[in-house]
Amino acid sequence: MPKNASKKPVDRETTVVLMNEKKWYKPSKKAKNEATVKHWKTAHEYATENPMRFWEEAACDLKWYRKWKVTHAEKKKHFHQWFLGGKTNVVLNALDRHMGTPTENKVAIIWESDSGESRKITYKELDIEVCKMANGLRGLGVKKGDRVAIYLQNTPEIAISMLACAKIGAMHSVVYAGFSAHALRDRIDDAEAKLLITSDVGYRSGKTIDMYSLCAEAVKGAKSIKKMVIVKREKSTKKQNKTRDIWFHELQKGQSEDCNTEMMDAEDPLFVLYTSGTTSKPKGVVHVHGGYQVGVNRTLKWVMDLKEDDIYWCSADPGWITGHSYIIYGPLMAGVTTVMFEGAPNYPKPDRLWKLVQKHKVTIFYTAPTLIRALMRFGDEWVTKHDLSSLRLLGSVGEPINPEAWRWYHRVVGKKKLPIMDTWWQTETGMFMITPLPSMPLKAGSATLPFPGIEADVVDKKGQPVKVGEGGYLVIKSPWPSMIRTIFNNPKRFIKTYWKEIPGYYLTGDLAHKDKDGYFWIQGRSDDVLSIAGHRIGNAEIESAIVSHPDAAEAAVIGKPHPIKGESAKAFVILKKGVKGNDKLIKKLKKQIRKMLGPIAVTDEIDFVTKLPKTRSGKIMRRVLKAQELGQKLGDTSALAD
Ligand code: PRX
């Protein structure tokens, strides 16, 4: 067992820590000087001493129709409210305030279609589109507080639809356009959506996807749905249900280019977004106008270091929280250019992303480890043949980024110069929570420290902080503006899920440890934890050790019942292109785990596979592997991509 692993972690349900990355990656002088936050320690200290003042100042970066009276209150236990008495609307900040300023003529959205065409939309043009759509929605009877379901691909119409809903005070409920009709229907029913916005077809990797039929199937018998608004992308498509269906462009036609933005209370809901977790049934996470915009705006500007001329690209889909906060609302509030792209990152070739970075001179690029690992498999030349000199900052989100992938991203994409912002957060948190700032020294694979104003810790089951070298439950100890307000129509589940297990703290459901410098390392979801010979080990550490071998591209590790050890680890491994899996390689991989983590973590079994079950947002669903392995029922699989 490695030196830094504690001996008896079982009683308090802490986890052992096996990984031990020590190397520092310091920011260049230039990066430090140019960063919005030059002195990160001072920023942290300032916010720690007076978090309320910190968030009030962040709120002052934005416009309010009426200033708030009370910064924070816990109205009922666990139901936190921010900026009470304030009147605002996220659209006031994302669009309205740019009108009549030079920003109105700036490109708000650069859109790349699956077939490689691009479209540029200025802030003024976007505002007109949103106003026309908002008027159209009002004409259809959509009112403040109503829910509108949106099932669209990564196209400008998804941004227009979301902003139009927010503008009139309706809540959008975006469902990622990859979910099945059944999953869409469940989400429509739960939110009691009045309207569904979709398109006739979508495109992905050169294929045409019939979105209309899927949506027609989904709304069959959905009592709440009154109308379906359809974006027409194919000339040949005909409207099919005359009483229910209406074209997006016809709804906008003849509408005024002006539309008053609804004055919302800071605590009025902005959207519900269903989290397609790796383990349980989806939850409708509710966010509100006031606190959400404050958290998103401050974090994006500080962490991604947005400057006026940035061409910022977050390669997620607007159907996830990453897209809500950091493709649409955040960049638009900051008045920068945001890139949206339709299709797949490896179509037509594995260099699509890098080609687009070069084409649009992207300055900030934010993506997910699952994508980085997938692209690593194809080899460096797909990256290096493009001119990526416009880039100045990189980001990562969605899963623990293993040190090997971090180093590849840093070396091959970042040319060893660019800082990588590994941002830890959740649908529920709305904004980055544990994240570096560009002026901070980094360690490969660590999300570093809580953002200023955020109080996070790693604790045992009883809520006691764990020691250095011990892992435990990642919790947030005090409220923050963009926190989840409730689970839609289910406040009891909200309390039970997030507040009951470790009283007093918001439970993230993740395992983590802090190193001697206070840096946080995420060990995976607590539901995926392994318990080997009484030692709880985060799956992410073993997976990371496996993919540090040059032949392995991706890995998923599960625990299986074992008569002596309690559990034994089994790994499913995808190999790099051209590598053959055999017994010799199994031995080498086991040796690699032993070298990186110690004998306790060595997996008993290793299977080579070509695919892993993933959620539609790219996270590995280990419980599906486990259920299959043990011959158990699969449970809810609506989040499963394939
Ligand atoms: O387990 C953590 C992982 O993703 C979970 C949140 O997923 P979701 O709500 O879908 O939001 C994803 C985008 C914010 C977390 O509980 N996760 C997210 N970012 C990281 C991460 N794990 C490790 N490192 C990260 N940077």
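Analyst: Happy to. One spot to begin with is Gly 335, which follows α11 and has a positive phi, near 70°. Keep in mind that this is a predicted model.

User: Which residues of helix α7 are buried?

Analyst: In α7, residues 181–191, they are Ala 181, Ala 183, Leu 184, Arg 187, Ile 188 and Ala 191. Looking down the axis of α7, you find these buried residues within an arc of 165°, so they line one face of the helix. As background, an α-helix has 3.6 residues a turn, so residues three or four places apart point the same way.

User: What do the buried residues of α7 pack against?

Analyst: Their partners are β7 (147–150), β8 (171–174), β9 (195–199), α8 (211–219) and β15 (269–275). Packing here rests on contact, that is, heavy atoms within 4.5 Å.

User: Why is Ile 188 called buried?

Analyst: Ile 188 has a relative accessible area of 1%, and the cut-off for buried is under 20%. So Ile 188 is buried. This residue sits in helix α7. Setting aside neighbours within four places in sequence, Ile 188 is in contact with Ala 149, Ala 193, Leu 196, Val 219, Ala 222, Ser 224 and Ile 225. Lys 584, on the other hand, is 51 Å from Ile 188, C-alpha to C-alpha, and 396 residues apart from it in sequence.

User: Why is Glu 192 called partly exposed?

Analyst: Its relative accessible area is 43%. Buried would need under 20% and exposed over 50%, with partly exposed in between. So Glu 192 lands in the partly exposed class.

User: How do you know that Lys 361 counts as exposed?

Analyst: Lys 361 has a relative accessibility of 57%, and exposed means over 50%.

User: Why is Pro 479 called buried?

Analyst: Its value is 18%, against a cut-off of under 20%. So Pro 479 is buried. Its place is the loop between β23 (470–476) and β24 (486–487). Beyond its neighbours within four places in sequence, Pro 479 is in contact with His 72, His 80 and Trp 82.

User: What makes the bond from Tyr 347 to Pro 348 stand out, cis or trans?

Analyst: That peptide bond is cis, with omega near 0°. Pro 348 is in the loop between β18 (337–341) and α12 (352–360).

User: How do you know what Lys 576 touches?

Analyst: The test is heavy atoms within 4.5 Å. Not counting residues up to four places away in sequence, Lys 576 touches Met 376, Arg 377, Pro 550, Asp 551, Ala 552 and Ala 553. Lys 576 lies in the loop between β30 (566–575) and α18 (583–597). Arg 373, 203 residues apart from Lys 576 in sequence, is 9.8 Å from it in space, C-alpha to C-alpha.

User: Zooming out, why is the protein chain called as compact as a globular protein of its length?

Analyst: The chain has 19 helices and 31 strands. Its radius of gyration is 24 Å, close to the 26 Å that the globule rule gives for 642 residues, so the chain is as compact as a globular protein of that length. The C-alpha trace spans about 70 × 55 × 50 Å along its principal axes.

User: And how much of the chain counts as buried?

Analyst: 63% of the 642 residues do. As for contacts between residues at least 6 apart in sequence, 71% join residues at least 24 apart. The accessible surface comes to about 25,000 Å², with 51% of it belonging to carbon and sulfur atoms.

Key: Residues are numbered from 1 along each chain as its sequence is written. This is a predicted model: local features need pLDDT of at least 70, side-chain atom pairs count only at pLDDT 80 or more; totals for chains, interfaces and linings use all residues. Side-chain values use heavy atoms; hydrogens and water are left out. Buried means under 20% relative accessible area, exposed over 50%, partly exposed in between (1.4 Å probe, protein chains only). Helices (H or I, at least four residues) and strands (E, at least two) are DSSP runs, numbered from the N terminus. The arc is that of the directions from the helix axis to the C-beta atoms. The radius of gyration is taken over C-alpha atoms; the globule rule is 2.2 Å times the number of residues to the power 0.38. Accessible areas come from the Shrake-Rupley method with a 1.4 Å probe; for residues, only the protein chains shown count as cover.
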